[in-house]
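Here is a briefing on one protein model. Please look at the structure first, then read the points by topic.

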Amino acid sequence: CSFFEGRYDDAAKAFARSESSAKYKPSVTYYLTQIYSAQKNYEKVISYGTPRAKDAGVKNRAEINQLVGQAHYELGDYQSALPFLEFAAKNGGPLRPADYYQLGYTQYQNGLYKPAIQNFEELSKQDSVLGQNGLYHLGDCYLRVNSKNSKFNARNAFGQAASMNYDKSVKEDALINYAKLSYELKYDREAIMALQQISPKSKYYDDAQALMSDVFLNTRDYDRAVTTLEGVKN
């Protein structure tokens with residue numbers, strides 16, 4: 001009752017006493033791990049949950065692995081997080097969008113770009129800050145695997161991320177990448193439209209103006225190329 005009312009300190013004390021009971025011990029482990037996670041006591045989640053996550057006899061083992069993996073993730077230890085999150089994904093219930101993102105980002109940080117692509121793709125229809133970040137990293141993953149259609153797929157992912165307004169920094173990074181790939185793939189009109197959206201206050205403004213002049217030169221619009229170049233400070 002204390003647990004469901006959010007009185008976690010009281011609940012933790014009661015569950016800790018219940019752990020001595022063979023009847024309740026298999027169930028108590030999950031609740032205690034949840035409590036430490038809700039309290040953002042990630043070190044405790046790891047120290048308490050890790051040995052239990054490896055115990056085949058414990059209930060909700062996949063969920064405990066998920067919580068331990070998330071604790072490592074929150075502490076920035078993506079290498080340690082990976083086996084726990086992957087176990088949870090393979091042995092637990094359906095993943096939520098946040099679960100797909102955490103697993104994908106953890107794989108991304110470990111250089112596992114192909115499996116990360118599969119998880120980030122699950123977020124491609126999420127109209128949210130999570131979806132925007134997922135699409136941005138999806139684009140980067142496509143470029144890193146360097147497959148036949150990697151630039152085309154990356155361009156589409158960056159374009160979707162750039163169309164969202166949840167995180168301005170991600171939008172800006174996605175927009176310049178979308179513009180560069182559009183230029184490389186000969187989508188000159190789309191490249192110009194993207195570059196024109198980059199504000200003079202942006203850290204990418206000078207790069208954008210220089211790239212725009214290259215596009216105008218490609219299209220032999222020399223007057224606009226000269227005018228654009230003259231507007232670049234450096």
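## Briefing

Leaving aside neighbours within four places in sequence, Leu-112 is in contact with Leu-82 and Gln-107; contact means heavy atoms within 4.5 Å. This is a predicted model, in which local features need pLDDT of at least 70, side-chain atom pairs count only at pLDDT 80 or more, and totals for chains, interfaces and linings use all residues. Residues are numbered from 1 along each chain as its sequence is written, and side-chain values use heavy atoms, with hydrogens and water left out.

**Around Leu-112**

- Leu-112 sits in the loop between helix 6 and helix 7 (113-121). Helices (H or I, at least four residues) and strands (E, at least two) are DSSP runs, numbered from the N terminus.
- Leu-112 has a relative accessible area of 33%, so it is partly exposed. The scale is: buried under 20% relative accessible area, exposed over 50%, partly exposed in between (1.4 Å probe, protein chains only).
- Arg-144 is 32 residues away from Leu-112 in sequence, and their C-alpha atoms are 9.9 Å apart in space.

**Helix 3 against helix 4**

- Two packed helices are described by the angle between their axes and the distance between the axes.
- Helix 3 (residues 42-53) packs on helix 4 (residues 61-74) at an angle of about 145 degrees, and their axes are 9 Å apart. Axes are lines fitted to C-alpha atoms, for helices over the stretch in contact, and angles run from 0 to 180 degrees between N-to-C directions.
- The crossing of helix 3 past helix 4 is left-handed. That term applies if the near helix is turned anticlockwise from the far one by less than a right angle; clockwise gives right-handed.
- On the helix 3 side, the residues are Tyr-42, Val-45, Ile-46, Gly-49, Thr-50 and Ala-53. They meet Arg-61, Ile-64, Asn-65, Leu-67, Val-68, Ala-71, His-72 and Glu-74 of helix 4.
- By class, this contact holds eight nonpolar, four polar and two charged residues. Ala, Val, Leu, Ile, Met, Phe, Trp, Tyr, Cys and Pro count as nonpolar, Asp, Glu, Lys and Arg as charged, and the others, Gly among them, as polar.
- Asp-55 lies in the loop between helix 3 and helix 4. Asp-55 counts as partly exposed because its relative accessibility is 39%.
- Pro-26 is 29 residues from Asp-55 along the chain, with 9.8 Å between their C-alpha atoms.

**Largest pocket**

- The largest pocket has a volume of about 220 Å³. On a 1 Å grid over the protein atoms alone, a pocket is an open set of points with protein on both sides within 12 Å along at least five of seven lines, while a cavity is a set where a 1.4 Å probe fits but cannot get out; lining residues have an atom within 4 Å of a point. Grid points are joined across faces, edges and corners, and a volume is the space filled by probe spheres set on the points.
- Its lining has 14 residues, and Ala-62, Glu-63, Gln-66, Arg-96 and Asp-99 lie nearest the centre.
- Helix 2 (25-38) and helix 4 are the elements that give two or more residues to this lining. Helix 4 provides the largest share, five residues.
- The lining of the largest pocket divides into six nonpolar, five polar and three charged residues.

**Largest cavity**

- How many cavities of 30 Å³ or more does a search of the whole structure find? The search finds one.
- The largest cavity holds about 30 Å³ of space.
- Gln-66, Leu-85, Ala-89, Leu-95, Asp-99, Gln-102 and Leu-103 line the largest cavity. By class, they are four nonpolar, two polar and one charged.
- Helix 5 (78-91) and helix 6 (97-109) each supply at least two lining residues. Helix 6 gives the most, three.

**Positive phi**

- Most residues other than glycine have a negative phi, and most peptide bonds are trans.
- Lys-40 has a positive phi near 60 degrees. Lys-40 belongs to the loop between helix 2 and helix 3, and is exposed because its relative accessible area is 61%.
- Lys-186 has a positive phi of about 70 degrees. Lys-186 is in the loop between helix 10 (168-184) and helix 11 (188-195). At 63% relative accessibility, Lys-186 therefore counts as exposed.

**Val-170**

- Not counting residues up to four places away in sequence, Val-170 touches Gln-132, Asn-133 and Tyr-136.
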